[in-house]
Amino acid sequence: MTHTTSMNSTGQRGNFVAALRLLLLLSWPSLPAHFDLTVEPEAGFQTNVPNGPVDSSFGSHAFCTVGLEPSWSTDTGNTFRFVFTGPLNATKYMGGPGEAAIAPEFSIEKHVASHVTQAALGAAYHLMPVAYDPTVPEKYMEYSLRFEREQSWRIASAVMYALQLVDDIATSRKDFKNTVQFRLRRCNSARLHSFVRIGCSWNISNTEGAGYVQPFAADGMTLAVDERNLLLFHLFAAYSFYKPMNISVLVPGRGQGKNATVITYELSEPRIPFATLYCGYDRELTLHASFHFYYMAVLFGRGEPGSLLFSHQTGIIFSWRRK
């Protein structure tokens, strides 16, 4: 790891935050602002958690997660609405790895009778990600630009394009991730809502093996049993195209006088499908509090062609919202 890259990333983060503050000061003096806060502790259990860069290293762990999301927004009655969010999330797998992220975002929304247009600018810092995607760096900055337009019809449609710059803190690697998505959302009845999403993501990188193309599709629905109970179902599938990728890992020396060594692992992501099934139950406790119980099954592949793994995850989330 080079200290120069880390210092440059820190400077970029400082400039970005300063620019956001200036935008807020210029945009909000005459508009009433609203402050919301969401706190979400979570506990659960997951099987086949990737424990590191080695293809065959997986474990099953109980985990706990803490999520915190403050949000500032202008009055929703105006044509233009400004929103600033600053979510923080941290996850720890008992006896295993962990991950953390902070992802502030500033967005501008334009509301008219027939549609809503949104533009968002964000920056995120990811630390020790536990991901099934072998192309993701261990620690990286992520700068994002997103545009979305949604038509407010009976069958609402939305088009979204997002561009993300992934800046690896440890090396000179930079990735440009693009995502195009089309979504249809329908109110089947007062209690049943459904949606369909199709799209494609592709990554362009200056590091060999980090590029990929991933078309995807998803559908889901929410069913309101009554005013306080909600059921959710979500199915996501993608077909990922990767090339083999070599990752160098620094292994500290053990014992006095032992030097650190560099070991190179090869990750090969075959052309196999990736799918997620999500089932959830949400219960409103009070006007500000609720809990959410879910089960999620993820089908993924790492290693030799044909090696598919299932990861089962279940958890319970308690949410408290100040509005």
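Ala-100 stands opposite Leu-127 in β7. The strands concerned are β5 (residues 98–102) and β7 (residues 115–127), which pair in the antiparallel sense over three bridges. The model is a predicted one.

## Strand pairing

Strand β5 also has β4 as a partner: the two pair in the antiparallel sense over five bridges. Within this pairing, Leu-88 has Ile-102 in β5 as its bridge partner. A hairpin with four residues between the strands is formed by β4 and β5, and in this hairpin Gly-95 takes a positive phi near 80 degrees.

One of the residues involved is Tyr-140, whose bridge partner in β9 is Asp-168.

| Strands | Bridges |
|---|---|
| β4 and β5 (residues 98–102) | five bridges |

## Salt bridges

Side chains of opposite charge can pair when their charged atoms come close. In the whole structure, a search finds nine salt bridges. Among them is the contact between Arg-183 and Glu-148, at 3.3 Å from N to O. This pair links distant parts of the chain, with Arg-183 in strand β10 and Glu-148 in strand β8, 35 residues apart. Are these two residues buried or exposed? Both Arg-183 and Glu-148 are buried.

Arg-183 forms a salt bridge with Glu-150 as well, with the closest N and O atoms 3.4 Å apart. Because Arg-183 lies in strand β10 and Glu-150 in strand β8, this pair ties together parts that are 33 residues apart in sequence. Arg-183 and Glu-150 are both buried.

Glu-148 has a further contact, a salt bridge with Arg-146 in which the closest N and O atoms are 3.7 Å apart. These residues belong to a network of salt bridges that links Glu-105, Arg-146, Glu-148, Glu-150, Arg-183 and Arg-185.

## Aromatic pairs

A pair of aromatic rings is described by the distance of the centres and the angle of the planes. The search of the whole structure finds nine aromatic pairs. In one of them, the ring centres of Phe-63 and Tyr-93 are 5.7 Å apart and the planes lie at 50 degrees, so the pair is tilted. Phe-63 lies in strand β2 (residues 58–74) and Tyr-93 in strand β4 (residues 88–93), so this pair ties together parts that are 30 residues apart in sequence.

Phe-63 counts as buried because its relative accessibility is 5%. Tyr-93, with a relative accessible area of 6%, is buried too. Elsewhere, Phe-35, Trp-72 and Phe-84 form one aromatic cluster.

## Nonpolar surface patch

Which residues make the nonpolar surface patch of about 480 Å²? The patch is made by Ile-155, Val-159, Phe-182, Leu-184, Val-196 and Ile-198. The elements that give two or more residues to the patch are β9, β10 and β11 (192–205). Val-196 is located in strand β11, and with 43% relative accessibility Val-196 counts as partly exposed.

## Cysteines

A disulfide is a covalent bond between the sulfur atoms of two cysteines. A search of the whole structure finds zero disulfides. Cys-64 has a relative accessibility of 32% and therefore counts as partly exposed. Cys-279 is likewise partly exposed, its relative accessible area being 25%.

Key:
Residues numbered from 1 in each chain as written. Predicted model: local features only at pLDDT ≥ 70, side-chain atom pairs only at ≥ 80, totals over all residues. Heavy atoms only, no water. Pairing = 2+ DSSP bridges. Salt bridge = Lys/Arg side-chain N within 4 Å of Asp/Glu carboxyl O. Buried < 20%, exposed > 50% of the residue type's maximum accessible area, 1.4 Å probe, protein only. Patch = residues over 30% accessible without salt bridge, like charges linked within 9 Å, V, L, I, M, F, W, Y side chains within 5 Å. Areas by Shrake-Rupley, 256 points an atom, 1.4 Å probe, with all protein chains shown as cover. Disulfide = S-S within 2.5 Å. Phe/Tyr/Trp six-rings, centres within 6.5 Å; stacked < 30°, edge-to-face > 60°.
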